[in-house]
Amino acid sequence: SSLQTGMDNIRGIVGCPATGLTPRELIDTAPIAAEFQRIFLGNKAFTNLPRKFNVVITGCPDNCAGAETQDIALTPATTGDVAGFNLAVGGKQGSGGPVFATPCDVFVRPQEAAALCAEIALIFRDHGPREARSKSRLAFLIAEWGIARFRETLETRWGRPLPRAGRDARGDRTTDHVGVYRQRQPGLNYVGLKTPVGRVTSAQLRELARLAEVYG
């Protein structure tokens, strides 16, 4: 949604751009992102955050989403025969320099991922530093508390113990999905495009839609 993109709130949720299409994906995370958005969008409980809040939810093993520099990073993992996510928190790029998110040693099942992201955002709302905007990101709360206290606080809000992290399902390969690739759906391909500085016109979108209709 474009309803909240530039204020102290939860920004657009980032995921694999080929989610639901790429054959190597562990989990299609589009429904999870949509569920999390339904929780916070237009909900006043999430409108008074100390600073912006970035979230990555990805089931792709190809390291395409830049998860390490986000406030919440859910990345593909397995425990036994269950597919889900490992959780890391407190990544950032600005506000004093880049910091990689700290692993929480938590495994998250897909059906619980949206609700857990919401609880983390509310911890940031209630406890995040507000004295200076340059030091108001979740990373600074993690640095002050330590990851053990953060996990304990999250478990208290969650109401039950959180399972330990699973096996990281990401590989060594990194891709941005730009190009032409086979889809997981038999006989189909997807095309990854890069838009200069993120700008695309309505005429270009209509032409992309026409190409998809004719050749998709």
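Guide: The structure holds 0 disulfides, a disulfide being a pair of cysteine sulfur atoms within 2.5 Å. Cys16 is in no disulfide, and the cysteine sulfur nearest to its own, that of Cys64, is 3.7 Å away. This is a predicted model, in which local features need pLDDT of at least 70 and side-chain atom pairs count only at pLDDT 80 or more, whereas totals for chains, interfaces and linings use all residues. Residues are numbered from 1 along each chain as its sequence is written, and side-chain values use heavy atoms, with hydrogens and water left out.

Cys16 is buried, at a relative accessible area of 4%, where buried means under 20% relative accessible area, exposed means over 50%, and partly exposed lies in between, for a 1.4 Å probe and protein chains only. For Cys60, the closest cysteine sulfur is again that of Cys64, at 3.9 Å, which is too far for a bond. Cys60 also counts as buried, with a relative accessibility of 1%.

Turning to the rings, the structure holds 3 aromatic pairs; rings of Phe, Tyr and Trp (its six-membered ring) pair if their centres lie within 6.5 Å, and planes under 30 degrees apart count as stacked, over 60 as edge-to-face and the rest as tilted. One of these pairs joins Phe53 and Phe124, whose ring centres are 5.4 Å apart and whose planes meet at 25 degrees, so the pair is stacked. Because Phe53 lies in the loop between helix 1 (30-40) and strand 1 (55-57) while Phe124 belongs to helix 2 (residues 110-127), the pair ties together parts that are 71 residues apart in sequence. Helices (H or I, at least four residues) and strands (E, at least two) are DSSP runs, numbered from the N terminus. Phe53 is buried, with a relative accessible area of 0%, and Phe124 is buried with a value of 0% as well.

Tyr181 and Tyr190 form another aromatic pair, likewise stacked, with 5.3 Å from centre to centre and 25 degrees between the planes. Tyr181 is partly exposed, at a relative accessible area of 30%, whereas Tyr190 is buried, at 7%.

Leaving aside neighbours within four places in sequence, Thr75 is in contact with Thr58, Ala67, Gly84, Phe85, Asn86 and Arg170, contact meaning heavy atoms within 4.5 Å.
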